[in-house]
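These are my notebook entries on one structure.

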Amino acid sequence: MSVDGSSSRKVAKSRIPADQLSMQKVKRSLLHAAMRADEPPDIAFRRTILSIRPGKVSTYGRVATAAGYPRLHRAVARLLRTDAPDQLTWHRVLGAGGEIKLRGSAAREQRARLKLEGVRFRGERVDMDRFEHALKPWEVHKDLQI
């Protein structure tokens, strides 16, 4: 018990909702920033995706991190979903662990495109040990026309 008679445990519990509320606000602001088209994150994501060489793959999270936005992996997925399919090499970006996250015919097409580039699978997942592209932000081509 503290001097005023209240429990220190109650004080600690009252801080938790405020911290959760601030975390929710931060998450919401990150999501809103990711929803704006043609803002710097989208441009950085495009450059990073275009830097993945044929026959190599990366994940949504690694693309976001290499572009400088480590928490916006869902924004990478949104960009690939909403951009014209012939502008980006969308098939080279996978879910964590090399899993194809698309469904149905889109998943079959992605798998076929990767196989055409020489990417091999272990069951349903890409062999990330052999085919993962090591994304380095300083190697992303700044002169790519987007």
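I looked up Asp127 and found it in the loop between β4 (125–126) and α6 (128–131); helices (H or I, at least four residues) and strands (E, at least two) are DSSP runs, numbered from the N terminus. The model is a predicted one, in which local features need pLDDT of at least 70 and side-chain atom pairs count only at pLDDT 80 or more, while totals for chains, interfaces and linings use all residues. Residues are numbered from 1 along each chain as its sequence is written, and side-chain values use heavy atoms, with hydrogens and water left out.

Is Asp127 buried or exposed? I noted a relative accessible area of 6%, so Asp127 is buried (under 20% is buried, over 50% exposed, in between partly exposed; 1.4 Å probe, protein chains only). Leaving aside neighbours within four places in sequence, Asp127 is in contact (heavy atoms within 4.5 Å) with Arg120, Phe121 and Arg122.

I then turned to salt bridges, each a side-chain nitrogen of Lys or Arg within 4 Å of a carboxyl oxygen of Asp or Glu. The structure holds nine. Asp127 pairs with Arg122 at 3.3 Å, N to O. Arg122 also meets Asp129, at 3.7 Å, and both Arg122 and Asp129 are exposed.

I next recorded the salt bridge between Arg92 and Glu117, at 2.8 Å, N to O. Arg92 lies in the loop between α4 and β2 (93–94) and Glu117 in the loop between α5 and β3 (121–122), so this pair ties together parts 25 residues apart in sequence. Arg92 is buried, at 8%, whereas Glu117 is partly exposed, at 25%.

Of its 18 residues, Phe45, Ile49, Val63, Val76, Leu80 and Val93 touch the most other members. The helices α2 (40–50), α3 (60–66) and α4 each supply at least two residues of this core. A second, separate core has ten residues, including Val57, Leu114, Val126 and Met128.

My last entry concerns Arg113, which is found in helix α5 (residues 104–116). At 32% relative accessibility, I list Arg113 as partly exposed. Beyond its neighbours within four places in sequence, Arg113 is in contact with Trp90 and His91. The C-alpha atoms of Arg113 and His91 are separated by 6.8 Å, although the two are 22 residues apart along the chain.

Definitions and conventions. A nonpolar core is a set of buried Ala, Val, Leu, Ile, Met, Phe, Trp, Tyr and Cys residues joined through side-chain atoms within 4.5 Å.
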